[in-house]
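Subject: Structure handover and findings

Hello,

Please find the structure below. My notes on it follow, and comments are welcome.

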Amino acid sequence: MEKLEQLREEGLAKIEACTSTKELQDIRVLYLGKKGPVQEVMKMMKDLSQEERPVFGQQVNEIKQTFEKAIEEKKVTLEASEINEKLKNEKIDITLSGLKPNLGNLHPLTVIQQELEDLFIGLGYEVAEGPEVELDLYNFERANIPKDHPARDMQDTFYIDDETLLRTHTTAVQMRVLEENAPQLPIKVVCPGKVYRRDDDDATHSHQFSQLEGLVVGENIRLSDLKGTLELVARRMFGESREIRIRPSYFQFTEPSVEVDVSCHICNGKGCPTCKGTGWIEILGAGMVHPNVLSMAGYDPLTCSGFAFGIGMERVALLKYGIDDIRHLYTNDIRFLKTFNRFE
Ligand code: DAH
């Protein structure tokens, strides 16, 4: 019995002396495990008399339970103090200035394209794409520009062979969309994409640039529909107080053809260097789809009509952001591109 009392006191003292949950776990394994002092004491059982044994056994069990309880209680306090210690040591100084993440941003041309697409998708248009390596058929012939026609000179072309070229305008996609859909009505698409011309690069010319073509075909589509649509475009891109005016022009694939000017967003139409003192800036070409174009694609120009327009997206970017040289859009100087980062 003395031995048991010693065991109890020793065990409880060891549990109490534990300073970490790890240490406590070791004590638990030792005292409640197979080779610990409790089992050691059990061996004494065989030397006891028949009557003494159950009393002894009961005592040992009680000690075991006491240890278990003590270990459980100690565990709770040790865990709490360990968490507190951790919180104290790992505290975060929120007043330290953080590391600035290096964020990328969209290219200004991408921004313009997305803004235009969003506007037209909101108006119920679909976005259509076509190949940049294009057939002469869609780039010229279906656009009512036959072989050897002088109108081909308006667009200096990179030919790959007699029938294949780098498309000179997104009007080629317009011709594909018409052919694919004929004779179904209505058609409402915008076609953004890169186009190519044999131009010498300078501040206002680039051998590769990008356009967004628009095409609507249906019953009773009129020039006034075109005008209303383009007014929306001008206002979305250059501000709600913009006006547009249309001037007669010439394209093979439209009749009548127009050129569209927007009132200058810099001087509000009073006249400044950006608008060369006129108060107006030319932004795009447009017109009513030529009857030949409709019939070549499989539509009956007597029962339907359409309007089309082609916007040069670099031109919109230069005007909108006040960029003085188209080449800035293509040299990919990171210092220039970063000025369009909305997060800096
Ligand atoms: N394709 C013309 C160009 O590149 C732009 C254009 C003008 C497109 C009138 C059209 C249009 O769809 O109707 O210069």
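In which loop does N268 lie? N268 lies in the loop between β7 and β8. Helices and strands here are DSSP runs (H or I, at least four residues, for helices; E, at least two, for strands), numbered from the N terminus.

Some ground rules first. This is a predicted model, in which local features need pLDDT of at least 70 and side-chain atom pairs count only at pLDDT 80 or more, while totals for chains, interfaces and linings use all residues. Residues are numbered from 1 along each chain as its sequence is written, and side-chain values use heavy atoms, with hydrogens and water left out.

Backbone

Most residues other than glycine have a negative phi, and most peptide bonds are trans. N268 is not a glycine, yet has a positive phi of about 60°. N332, also not a glycine, has a positive phi of about 55°; N332 is placed in the loop between α11 (328-331) and α12 (334-338).

Two cis peptide bonds are worth checking by eye. One runs from A182 to P183, with omega near 0°, and P183 is in the loop between α7 and β4. Another joins L185 and P186, with omega of about -10°; P186 is likewise in the loop between α7 and β4.

Domains

The domain assignment of the protein gives domain 1 (2-89) and domain 2 (108-338); such bounds come from an automatic or database assignment. Between the C-alpha centres of domain 1 and domain 2 there are 87 Å.

Ligand

The ligand is surrounded by 16 residues, counted as near if one of their heavy atoms lies within 4 Å of it. The closest are H169, T171, R197, Q211 and E213.

- T171: an N or O atom of the side chain is 2.8 Å from a nitrogen atom of the ligand.
- A308: a polar backbone atom is 3.2 Å from an oxygen atom of the ligand.
- Q174: an N or O atom of the side chain is 3.4 Å from an oxygen atom of the ligand.

Taken alone, the ligand exposes 350 Å², of which the protein buries 92%; accessible areas come from the Shrake-Rupley method with a 1.4 Å probe.

Pockets and cavity

The search runs on a 1 Å grid over the protein atoms alone: a cavity is a set of points where a 1.4 Å probe fits but cannot get out, a pocket is an open set with protein on both sides within 12 Å along at least five of seven lines, and lining residues have an atom within 4 Å of a point. Grid points are joined across faces, edges and corners, and a volume is the space filled by probe spheres set on the points.

The largest pocket holds about 1300 Å³ of space. Its lining has 49 residues, and the closest to the pocket centre are F209, E282, I283, G312 and R315. Elements that each supply at least two lining residues are α7 (171-181), β5 (208-218), β7 (254-263), β8, β9 (305-312) and α10 (313-321). The largest share, 8 residues, comes from β8. By class, the lining of the largest pocket has 22 nonpolar, 17 polar and 10 charged residues. In this scheme Ala, Val, Leu, Ile, Met, Phe, Trp, Tyr, Cys and Pro are nonpolar, Asp, Glu, Lys and Arg are charged, and the others, Gly among them, are polar.

The second largest pocket has a volume of about 200 Å³. Its lining includes L109, E129, K194, Q208, M313 and Y330. Two or more residues each come from α5 (108-122), β4 (187-196), β5 and α10. The classes in the lining of the second largest pocket are 4 nonpolar, 5 polar and 3 charged.

Searching the whole structure gives 1 cavity of 30 Å³ or more. The largest cavity contains about 40 Å³ of space, and its lining consists of L116, V233, A234, M237, F238, I283, L284, I311 and V316. Two or more of these residues each come from α8 (223-238) and β8 (280-289), with the largest share, 4 residues, from α8. The lining of the largest cavity counts 9 nonpolar residues, no polar and no charged.

Regards

Definitions and conventions
A polar contact is a pair of N or O atoms within 3.5 Å; within protein, one must be able to donate a hydrogen and the other to accept it, and residues adjacent in sequence count only if both atoms are side-chain atoms.
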